[in-house]
Amino acid sequence: IVQMGDHEFRFEDEPDPGEYFLEMARLELRETPAIREAALRELKEKVANTEGLVWSLDDDTLFLSFLRSCKFYVDSAYEKVISAFRFREKNAKYFADLNPMKERNVFENNLFTVLPYRDNNGRRTIIVEVGKKWNTKTVSLLEIVRGIVIVIEAAQLEPKTQIAGVNIILDLDGLTISHVWQFSPSFAKFLLEFIQENLPLRIKSVHVVKQPYIFNMLFAIFKPFILEKLRERIFFHGNDMSSLTEHIEPKFLPTQYGGILEFQTIHGLAIHELICRFQDQIDEVNRRGFLSKKKSDKKK
């Protein structure tokens, strides 16, 4: 638990998510105790028999994140495992040696906020502010991506979040041409490949708010790479927060987003402190993956 002003944020990594979430998992993900047990056993067996893939079979949590994101279709989950680790290998600068302690800068600048309460559907809500809060001279795009990956990896450790998924609020208030220049088509392709094909987490909605006219330039870079499933989950609100509250109830939203929650998005260091407590689990994530040729040769 960490304090965020008058609110407490509680990290929920208990293996048993409780009846409400188990029922949601049954209805939406085909999850029952029997299916879960059989799927875990089969996925672990496939991973154990995959040459060069290093992954401890002791912890079910990370296996379940892949299975739940694929509705317990084992072959699909296994394909996502292979794809995700190959993707990380190919884009190592964003994923290698993730250490929350070393990524403090992006949290210190309060570019990310995880709201302290789940929404009306049990989802976590992550706010990313990459407009006026983002000074491109002090925080690089690489730091932002590595910070997002750390937040997502922490979210993956919560069974409730694996089941219910996450909302993302993208606050673009104060977006300028200097921000837009940070993005390229190759980066857009990378980011959307990660989110759409290699992320074992359910992105249930993306809400773009307070976007200025210049956002059209930025969206044009990303649009060719957005697949239909994600396209249907992206909503553009501008400054009309009443349309945002049609998706997320006001009691779960800060006042600046049309809600009634008295909460300022200034608690990046509290989130950082909390995630740092789970360094061991993040180290375990870092240990997973395909052995590089050099490491493989050394083992021989």
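To see the two parts, colour residues 19-95 as domain 1 and residues 100-278 as domain 2. Keep in mind that you're looking at a predicted model.

Next, zoom in on where the two domains meet. On one side, 23 residues of domain 1 make contact, and they touch 26 residues of domain 2. How much area do the two domains bury between them? About 2200 Å², with 63% of it on carbon and sulfur atoms. Now select Phe 21, Phe 87 and Tyr 94: within domain 1, these lose the most area to domain 2, and together they make up 32% of what that side buries.

Time to look for charges. Two salt bridges are counted between domain 1 and domain 2. For a salt bridge to inspect up close, show the side chains of Arg 88 and Glu 153, which meet at 2.5 Å, N to O. Across the interface there are also eight residue pairs in polar contact.

Switch to cartoon view and stay on the domain 1 side. Helix 1 (19-29), helix 3 (60-69), helix 4 (74-90) and helix 5 (92-95) each give two or more residues to the side touching domain 2. Which helix gives the most? Pick helix 3, with seven residues.

You'll find 13 nonpolar residues, five polar and five charged.

Note on methods
Residues are numbered from 1 along each chain as its sequence is written. This is a predicted model: local features need pLDDT of at least 70, side-chain atom pairs count only at pLDDT 80 or more; totals for chains, interfaces and linings use all residues. Side-chain values use heavy atoms; hydrogens and water are left out. Domain bounds come from an automatic or database domain assignment. Contact means heavy atoms within 4.5 Å. Buried area is the accessible area (1.4 Å probe) that two parts lose on being put together, summed over both. A salt bridge is a side-chain nitrogen of Lys or Arg within 4 Å of a carboxyl oxygen of Asp or Glu. A polar contact is a pair of N or O atoms within 3.5 Å; within protein, one must be able to donate a hydrogen and the other to accept it, and residues adjacent in sequence count only if both atoms are side-chain atoms. Helices (H or I, at least four residues) and strands (E, at least two) are DSSP runs, numbered from the N terminus. Ala, Val, Leu, Ile, Met, Phe, Trp, Tyr, Cys and Pro count as nonpolar, Asp, Glu, Lys and Arg as charged, and the others, Gly among them, as polar.
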